[in-house]
Amino acid sequence: PLPGANVVAFAMDLSVCSVLFFTALYLQRISNFSGFQIALVFSSLAVAMIVAGPIAGRWTARVGPRVPMVLGCALAGLGLLLVDWKLTATTSVAALTWPLAIAGLGFGIALVTMTAAVLTLVPSEQSGMAASTVNTSRELGGVFGVAVLGAVVNAHLTSGLTEKLVKLGIPPSFRQIVIQIVTTGGSTNPSDYPIAKGNAKTVAKVLQAAEDSAARGIHVTLEIAGAIVLA
């Protein structure tokens, strides 16, 4: 049970960090959400986790950790896949609120149940060690969530964008410049690059190709995170 709880802790934080980081990135860069809109979207996730916490604690005390933990992981995985489905360039706050609420319920149930399970499995004199082990698993999950899934996004961005640039007939030397700008956070304002003058249509196609490639990478990360939690 203790290793299982640590695996759940790892998976939960990997998923929480991935949905917070990559969904916010998508909403800002592709859906053109304001900071207020992004905060509003994620408020449903936070509220759902807060509501689920006390319920999960009482439920675990009555029936033990197995059923609540399984249900929490199932809801979290389902919520992530629904977020992936609803995340589009033209999405709205309302469209994302309920999938994130489902994911939040799952996260809240699983995290509270997992912590309670660990602390009830070990003698009281070892509770500090058990809690620190779970926290370490959670921290590692968060790190891997951003680092590994970030690498997935970057791989899809560079490979997908390169393929699209080839189809657009962009010369190899300029492909490298475009990829460097997109992957390193350089300015995407065409007026900052003299070579873009007189090529507005091509520049628009390049920017659209970059957005499409980044969006596909983010969708893949949400699918991976959802699959990990369900597994």
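## Confidence

This is a predicted model, and the protein chain has an average pLDDT of 87, with 92% of the residues scoring at least 70. Confidence is highest in helix α3 (residues 66-86), at a mean of 95, and lowest in helix α6 (residues 172-184), where the mean is 75. Where pLDDT is low, the predicted coordinates should not be read in detail.

## Nonpolar cores

The largest nonpolar core consists of 43 residues, and Met12, Leu100, Phe107 and Met114 are the ones with the most contacts inside it. At least two residues of this core come from each of α1, α2 (35-63), α3, α4 (93-121), α5 (127-168) and α7 (200-230), with α1 supplying the largest share, 11 residues. Apart from this core there is another, of 8 residues, which includes Leu161, Leu165, Ile179 and Val206.

Methionine 114 can be followed individually: once residues up to four places away in sequence are set aside, methionine 114 touches Ala5, Val8, Ala9, Met69, Val134 and Arg138.

## Threonine 23

Threonine 23 belongs to helix α1, which covers residues 2-29. Because its relative accessibility is 0%, threonine 23 counts as buried, the cut-off for that term being under 20%. When neighbours within four places in sequence are left aside, the residues in contact with threonine 23 are Ser18, Phe42, Val83, Leu87 and Leu222.

Terms used. Residues are numbered from 1 along each chain as its sequence is written. This is a predicted model: local features need pLDDT of at least 70, side-chain atom pairs count only at pLDDT 80 or more; totals for chains, interfaces and linings use all residues. Side-chain values use heavy atoms; hydrogens and water are left out. Helices (H or I, at least four residues) and strands (E, at least two) are DSSP runs, numbered from the N terminus. Buried means under 20% relative accessible area, exposed over 50%, partly exposed in between (1.4 Å probe, protein chains only). Contact means heavy atoms within 4.5 Å. pLDDT is the predictor's confidence in each residue, from 0 to 100. A nonpolar core is a set of buried Ala, Val, Leu, Ile, Met, Phe, Trp, Tyr and Cys residues joined through side-chain atoms within 4.5 Å.
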